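Please look over the sequence and the structure shown below. The paragraphs after them go through two places in turn.

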Amino acid sequence: MASTVTRSTRLGPEQRAEALRNMRAKELDILVIGGGIVGTGAALDAVTRGLRTGILEQRDWGSGTSSRSSKLVHGGIRYLEQLDFGLVREALIERGLLLQRIAPHLVKPVRFLYPLTVPLVERLYIGAGMTLYDLFSYTGLRPPGVPHHRHLTRRQLQRAVPSLRPDAFTGGLTYWDAQVDDARYVATLARTASFYGAQAASRVRVEGFVKIGERVVGVQAHDLETGERFEIMAKQVVNATGVWTDETQAMVGERGQFKVRASKGVHLVVPRDRFQSKVGLLLRTEKSVLFVIPWGRHWLIGTTDTEWTLDKAHPAATAADIDYLLDHVNRVLAVPLPREDVEGVYAGLRPLLAGESEETSRLSREHVVAHTVPGLVVVAGGKWTTYRVMAKDAIDEAVAALDGRFSPSVTDNIGLLGAEGYQAAWNKRGRIARAFGVHRARVEHLLNRYGVLTDELLDLLRERPGLLEPLPGADDYIQAEVVYAATHEGALHLDDVLTRRTRISIEAWDRGVSAAPVAARLMGEALGWDQARIDAEVELYLARVDAERRSQEQPDDESADRIRRAAPEFGMLRAAGGRTRRGR
């Protein structure tokens, strides 16, 4: 079989070590702090302008907010009601770019139902909003990539969602948005930035800034894998640390120009067969909206919106959060979902710009960019969907302070690794499956996770056919994906693979407990771990799962946070001897 055309570089331990050597050896033009969606987007934006670029992340790529979202790429239809037309239009244009140009292998259309309870008046009101939503999506330079909205009668509604209570709604409207595996997207974005020349290193914590007078000229960095401390110098530093923005700014010794508040959003993962529906659901609540989102063999149900002032690294869901979500979705289902149907739970934090309201659900989703002190640009707020615009604005601000002329942003026309040629590869997926003796559904699964880089996994399977075996308790994922995550995708710990490179931690009934020993052994073979390190990684992961399960039985945030923080921290695992230190 002729191989799909692609270019790729690895983002493995050797590349990480080389990146750190390069960053220490020579001053950068741009150093980005924060490896979430905005930080990795800023690194790609900077390096593709021809700037010497580095990026540091204190944990794993996307390990904070960016891997714990609703996994939607959307315009934010509820913001129309707030008359925030500019934000909606911007997000819809970005949605079209992501669907059709930047990441068609990772971003997919998804259809939602907006059910109606009041005849005529509500239909006219919501229909007008959705017409505006469709019109905004056409204001970019390309078609939106999804169909326009449709009206449904009560009978059509029952056919589309048989599991709804017959008396719950009078009819409905369907509309389209898109969804994404957020963690996989961020890891792919980091790898794409590295491919274009950015020096990228995860598990490196910035603990201070280097200043000459009032000007920031670099950072004090701590490699959490080796324990080394060193300085990295840069002409401009970009702070893209999301909910940690205030803490990062405090290290400069200057008062921030704005504050970022954290809002906790909790999601439930429920098996797809627990109720019948051909579409996702958008339900109104007394505070905001509730999404029921199709997610492979599962439904995602979320989200909550409550202020969070505790540990930002590991926000914890409570029994009250889970009950709140179940209560609201069960109001419209003919057969209610019991607590036992909840297969997975995850909690994330939204970085909201403070100062507009005491209610986090009403704080701004707009983003701001500012030169808070010379040499330091801060970007904060915003939405996952508009990450590329945020990244562009941040680098525009940084470039304006550099000597010389630099090219404008080009990321609106750069596909992520795996995107180029994806449609052609998808069209010949049957031939690929036959050539490798792999089931067609397996090839489709790989193409929708890796795009044309699927070739690299198939080459691995040719060399080691045994890696085609699925992971225990997680049939959707094969063993080759664990090896590939360690050698090509920057996964340094077991948690990186089970929680972010795959979504086993939220999709498997046992949350990855049975997969953990096999995955750790495979990672150990790829990364040269001894048995003590393999055992330590498994022990850490099991402790994390246990802490999360127990925290989700607690009645309030303080109790849940106390239990979750008791689990050891992956970032402090030393390669030598496998010693661990408790999380903060």
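Which backbone oxygen does the side chain of arginine 449 reach? In this predicted model, the side chain of arginine 449 comes to 2.6 Å from the backbone oxygen of arginine 501. A further polar contact, of 3.3 Å, links the side chain of arginine 449 to that of tyrosine 450.

Arginine 449 lies in helix 13, which covers residues 440–450. Its relative accessible area is 7%, and because buried means under 20%, arginine 449 counts as buried. Which residues are in contact with arginine 449, leaving aside its neighbours within four places in sequence? They are His105, Leu106, Asp181, Arg184, Tyr477, Glu481, Arg501 and Thr502. Arg501 in this list is the residue whose backbone oxygen the side chain of arginine 449 reaches.

The second place is a pair of helices. Two packed helices are described by the distance between their axes and by the angle between those axes. For helix 18 (residues 515–527) and helix 19 (residues 531–551), the axes come within 9 Å and cross at roughly 140°. Helix 18 is therefore oblique to helix 19, since only angles over 145 degrees count as roughly antiparallel. The crossing of these two helices is right-handed.

On the side of helix 18, the contact is made by Ala516, Pro517, Ala520, Arg521 and Gly524. Helix 19 contributes Ile534, Val538 and Tyr541. Sorted by class, the residues in this contact are six nonpolar, one polar and one charged.

Notes: Residues are numbered from 1 along each chain as its sequence is written. This is a predicted model: local features need pLDDT of at least 70, side-chain atom pairs count only at pLDDT 80 or more; totals for chains, interfaces and linings use all residues. Side-chain values use heavy atoms; hydrogens and water are left out. Helices (H or I, at least four residues) and strands (E, at least two) are DSSP runs, numbered from the N terminus. Buried means under 20% relative accessible area, exposed over 50%, partly exposed in between (1.4 Å probe, protein chains only). A polar contact is a pair of N or O atoms within 3.5 Å; within protein, one must be able to donate a hydrogen and the other to accept it, and residues adjacent in sequence count only if both atoms are side-chain atoms. Contact means heavy atoms within 4.5 Å. Axes are lines fitted to C-alpha atoms, for helices over the stretch in contact, and angles run from 0 to 180 degrees between N-to-C directions. Angles under 35 degrees count as roughly parallel, over 145 as roughly antiparallel, 65 to 115 as roughly perpendicular and the rest as oblique. A crossing is left-handed if the near helix is turned anticlockwise from the far one by less than a right angle, and right-handed if clockwise. Ala, Val, Leu, Ile, Met, Phe, Trp, Tyr, Cys and Pro count as nonpolar, Asp, Glu, Lys and Arg as charged, and the others, Gly among them, as polar.
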